[in-house]
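Dear colleague,

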Amino acid sequence: MTVAENIRPHRGDTSGCVPIAEHGLIGDLRTAALVDTGGTIDWYCPARFDAPSVFASILDTDRGGAFRLTPEVPARTKQFYFPDTNILITRFFADDGVAEVQDFMPIVDDSREADRHRLIRRVLCVRGSLPFTARVAPRFDYARQSHTVRTAEGLTVFASPELSLALTSSVTTEIDGPDAVSSFKLVEGEAAVFALDRIGGAVQPRSCPLAEAEQLFDATVRYWRRWLSQSRYRGRWREMVHRSALTLKLLTYAPTGAIVAAPTTSLPEQIGGERNWDYRYVWIRDAAFCIYALLRLGFTQEAEAFVRFLSEDICLKSGPGGPLQIMYGIDGRSDIPEEILSHLRGHLGSSPVRVGNAAVDQLQLDIYGALVDSLYLYDKWGRPLASDHWDTVCELVGWVCDNWDRPDMSVWETRAGPGRFLYSRLMCWVAIERAMRIARHRGLPADMPRWSRARDDIYRRIMRSGWSPRRRAFVQREGEEVLDASVLMMPLAKFISPTDPKWLSTLDALGEELVSDSLVYRYDPTVSPDGLRGEEGTFSICSFWYVEALSRAGRVDEARLAFEKMLTYANHVGLYAEEIGRTGEQIGNFPQAFTHLSLISAAFNLDRALG
């Protein structure tokens, strides 16, 4: 069990933004919240991942809104997850006592019908005595809507034009302007409970007494432990792999089976920079890779739910952009307009703050390979594909055969215009090759001659035009000599032998140019402009791809050292953002599904290589 220790200032000073890594995540398979190491919830969107926030002080400490629950005296803090669960514990160590805050969103089951969304904060004094202050300061609709606050029958109700929240507590709460505040003291053995409910329609406010909070805590513990017990992983890095699996599960939207790329928006890839994006949507690529990682561990229900999402909630379209979009809303909607929230300063002054994502209309050919590969693995390790699903696969593969040579934006969503990216060609090859495997294994109807010609054409094109004799490496784009970490997927996707001389030369070139003490940059934006200003950190999925490529190449000792180094960059509760900054700080949206799924895959393959 890992913990973080910090000295927290008196009454939770709000003059500075808490770093991204100083957070844990809680959720209920519908939405999630970030809790910092001082006991403040500074990101929360009620009911749905992509709903407007009510707490967003991680993006603006003054305007964003927060739920602070801290001792009134200076205290050291440590934070950890209740073992094998997504219940977060923040402990406070002061001169006169020790207390802890248990943060969780109750889950009794992961049914698609559950409609009550509750956030519970339970405070326990375990030694001595401690005075506490709570301040609930919602700022509705990303702090764009005003609200009223009133008390009635022991409840405090915050009401905006489009959303109402009800706060119940076991201690006295008073109204302070637009907020609710409470000051109370606990002695050893005493507890206090705060519960925040989204209300409206059939969901009416209800209190949350101490006994009910304890029952919900126990039920939520049972849920997470029952779910995690399905894992088949028994390798060397069980704690980190299982934390990654629990995190991927937290990013699942149970009503549809969708999986979001991250639960946050606009956490910067460079502090003070403009590389700030909204990741609270379903990237076909990211979700497909998640399914691969979970299937490897034995979690088949998530794969079934995602396949259901694809068949029930996504509508294929015909047009120049192809039958699939690169991303969808968690309900399958295709319209995700990008908007800038100019009234919010951004995390540590990193603006703009964006909601929505304009990349939704980009052509990214690689998504077809990621999706068909995940369906191939689902058919292999989960359940056989239904006939309707096979018809869809045939439609997608037919389109890939006709369009694989088009310029696109590829995996990194460059905003500098389309190009002929090797990674996109690689994943088009994967789409066709995996579909051929399914057809041969199951005896399913397929246009094998056409598929085989296209697959072989792509292979020859990559080997001829994706190889640079001067660099002695496979490169980012045809006709250029820029290196790109995405080519690390070539042996992982079984396109090339991991010990092929051309690949080993590529691996050496990547190590010399893009690797820094096990951390891997995606590419060098100074030689491959991406249409954005500024720099970014190392990309953590690439670092784990590098580990896997090393292990497959037989360089197992190097792979293990690189993997162990990567583990040191996790935060105190085992979570990763999208990137790692120059001095080891977490940057980008947090936690990032990409990073955690690649950790699982790297650990699995490294375990196998080590024997």
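Helices (H or I, at least four residues) and strands (E, at least two) are DSSP runs, numbered from the N terminus. This is a predicted model, in which local features need pLDDT of at least 70 and side-chain atom pairs count only at pLDDT 80 or more, while totals for chains, interfaces and linings use all residues. Residues are numbered from 1 along each chain as its sequence is written, and side-chain values use heavy atoms, with hydrogens and water left out.

The chain as a whole

The secondary structure of the chain comes to 14 helices and 28 strands. Its radius of gyration, taken over C-alpha atoms, is 24 Å, which agrees with the value near 25 Å that a compact globule of 611 residues would have under the rule of 2.2 Å times the number of residues to the power 0.38. Along the principal axes, the C-alpha trace spans about 75 × 45 × 45 Å.

Of the 611 residues, 63% count as buried, where buried means under 20% relative accessible area, exposed means over 50%, and partly exposed lies in between (1.4 Å probe, protein chains only). The chain exposes about 21900 Å², of which carbon and sulfur atoms supply 48%; this area comes from the Shrake-Rupley method with a 1.4 Å probe, and for residues only the protein chains shown count as cover. Among the contacts (heavy atoms within 4.5 Å) with a separation of 6 or more, 69% are accounted for by residues 24 or more positions apart.

As for charge, the chain has 70 positive and 80 negative charges, and their mean positions are 4 Å apart. Lys and Arg count as positive and Asp and Glu as negative, with His and the chain ends not counted, and each charge is placed at NZ of Lys, CZ of Arg, CG of Asp or CD of Glu.

Histidine 347 sits in the loop between strand E20 (339-340) and strand E21 (354-355), and at 1% relative accessibility it counts as buried. A polar atom of the side chain of histidine 347 lies 3.0 Å from the backbone oxygen of isoleucine 58. Setting aside residues up to four places away in sequence, histidine 347 touches Cys17, Val18, Pro19, Ile20, Ile58, Leu59, Leu267, Pro268 and Ile271.

Leucine 88 belongs to strand E7 (residues 88-94) and is buried, with a relative accessible area of 0%. Beyond its neighbours within four places in sequence, leucine 88 is in contact with a list of residues that includes Gly24, Leu25, Ile26, Tyr81, Val101 and Val573. Leucine 88 and cysteine 208, which are 120 residues apart in sequence, are 19 Å apart in space, C-alpha to C-alpha.

Valine 411 is placed in the loop between helix H7 (387-403) and helix H8 (422-442), where it counts as buried at 4% relative accessibility. Not counting residues up to four places away in sequence, valine 411 touches Arg285, Gln364, Asp366, Tyr423 and Ser486. Valine 411 is 44 residues from isoleucine 367 in sequence and 8.1 Å from it in space, C-alpha to C-alpha.

Alanine 454 lies in helix H9 (residues 448-465) and, at 7% relative accessibility, counts as buried. With residues up to four places away in sequence left out, alanine 454 touches Cys401 and Ile432. Alanine 454 and isoleucine 89 are 365 residues apart in sequence and 54 Å apart in space, again C-alpha to C-alpha.

Backbone geometry to look at

Most residues other than glycine have a negative phi, and most peptide bonds are trans. The peptide bond from serine 351 to proline 352, however, is cis, with omega near 10°, and proline 352 lies in the loop between E20 and E21, where histidine 347 is also placed. A cis peptide bond also joins phenylalanine 590 and proline 591, with omega about -15°; proline 591 is in the loop between strand E28 (586-587) and helix H14 (593-610).

Alanine 143, although not a glycine, has a positive phi of about 65°; it is found in helix H1 (residues 140-143) and counts as partly exposed at 25% relative accessibility. Aspartate 517, likewise not a glycine, has a positive phi of about 50°, lies in the loop between strand E24 (515-516) and strand E25 (519-520), and counts as partly exposed at 46% relative accessibility.

Methods. Polar contact = N/O pair within 3.5 Å; in protein donor to acceptor, adjacent residues only side chain to side chain.
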